[in-house]
Amino acid sequence: MNVARVLLCLFSMLVSEKFLVAAFSQSLVSDFTFTLPAGRKECFFQTMKNDASLEIEYQVLDGAGLDVDFSLSSPTGHVLYSDHRKSDGVYTVETEDGDYMFCFDNSFSAVSEKIIFFELLMDNMEQEGEEPEDWKEYVYGTDMLDMKLEDIMDTINSVKARLGKSLQIQTVLKAFEARDRNLQESNYDRVNMWSMTNMLVMMLVTGVQVYLIRALFEDKRHAART
């Protein structure tokens, strides 16, 4: 009997699948990696709704100094946050209707381009023109179940939220790993260059020392008689 109830519960959830998808579409995550040339400034826009939440996280993955200027502006043009020559940052803002602008500025660098990663996390973003129907109307036989569908819904929502957070953390960790790898490769090239330079200097100094020692012990009288 318990197995039959569980199967009935699963069947009811499958029937209401399209309505569950609509209920889960309130949180959006997007990320982007781009190259910012030297002496350039790039701005991006994100349309937000009233009473929503926007979280922006950015990192400089590669480039001399691993730094960039950052600013976040509201739809009215007011600067909410700004950074000067930082390698990373995380900001969260409660939004209103309009386009939020965030800019990355590399104009202070004359020769070095930067590779920048940023991620946007938008909460309470409902799809326009879509009114989710009451999916419970399409579920039958719920009175016979000991387990409430509301509890199942809460559990699925919790699992989905945790999976989304895990994906976000993995994306950020991949960005950190890329930045550390680029920094290590840059240090590796510098170590090799200076090692070769030191070796060439040591060989030159060794040759000069050998020449000077041979000149000190050379028999000048024998050379004069000859």
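Ser53 lies in strand S3, which covers residues 53-62, where strands (E, at least two residues) and helices (H or I, at least four) are DSSP runs numbered from the N terminus. The model is a predicted one, in which local features need pLDDT of at least 70 and side-chain atom pairs count only at pLDDT 80 or more, while totals for chains, interfaces and linings use all residues. Residues are numbered from 1 along each chain as its sequence is written, and side-chain values use heavy atoms, with hydrogens and water left out.

With a relative accessibility of 12%, Ser53 counts as buried, a term that stands for under 20% relative accessible area, whereas exposed stands for over 50% and partly exposed for values in between (1.4 Å probe, protein chains only). Once its neighbours within four places in sequence are set aside, Ser53 is in contact with Met48, Thr92, Val93, Glu94, Thr95, Leu121, Met122 and Asp123, contact meaning heavy atoms within 4.5 Å.

Of its 226 residues, 29% count as buried. Among the contacts between residues at least 6 apart in sequence, 80% join residues at least 24 apart. The accessible surface of the chain comes to about 15600 Å², and 57% of this belongs to carbon and sulfur atoms; accessible areas come from the Shrake-Rupley method with a 1.4 Å probe, and for residues only the protein chains shown count as cover.

The structure holds three salt bridges, each defined as a side-chain nitrogen of Lys or Arg within 4 Å of a carboxyl oxygen of Asp or Glu. In one of them the side chains of Glu42 and Arg40 meet at 2.9 Å, N to O; Glu42 is partly exposed at 25% relative accessibility, and Arg40 is partly exposed at 41%.

Asp67, Arg85 and Lys114 are linked in a network of salt bridges. Asp67 pairs with Arg85, their closest N and O atoms being 3.2 Å apart, and because Asp67 lies in the loop between S3 and strand S4 (68-73) while Arg85 lies in strand S5 (residues 79-86), this pair ties together parts that are 18 residues apart in sequence. Arg85 is partly exposed, with a relative accessible area of 44%, whereas Asp67 counts as buried at 9%. Lys114 also forms a salt bridge with Asp67, with the closest N and O atoms 3.0 Å apart. This second pair links distant parts of the chain, 47 residues apart, since Lys114 belongs to strand S8 (residues 114-123) and Asp67 to the loop between S3 and S4. Both Lys114 and Asp67 are buried.

Patches are made of residues with over 30% relative accessible area and no salt bridge, with like charges joined within 9 Å and nonpolar side chains (Val, Leu, Ile, Met, Phe, Trp, Tyr) within 5 Å. Asp97 is found in the loop between strand S6 (88-94) and strand S7 (98-105) and is exposed, with a relative accessible area of 54%.

A nonpolar surface patch is formed by Met196, Met199, Leu200 and Met203, which together have about 420 Å² of accessible area. Met196 is found in helix H3 (residues 149-216) and is partly exposed, with a relative accessible area of 46%.
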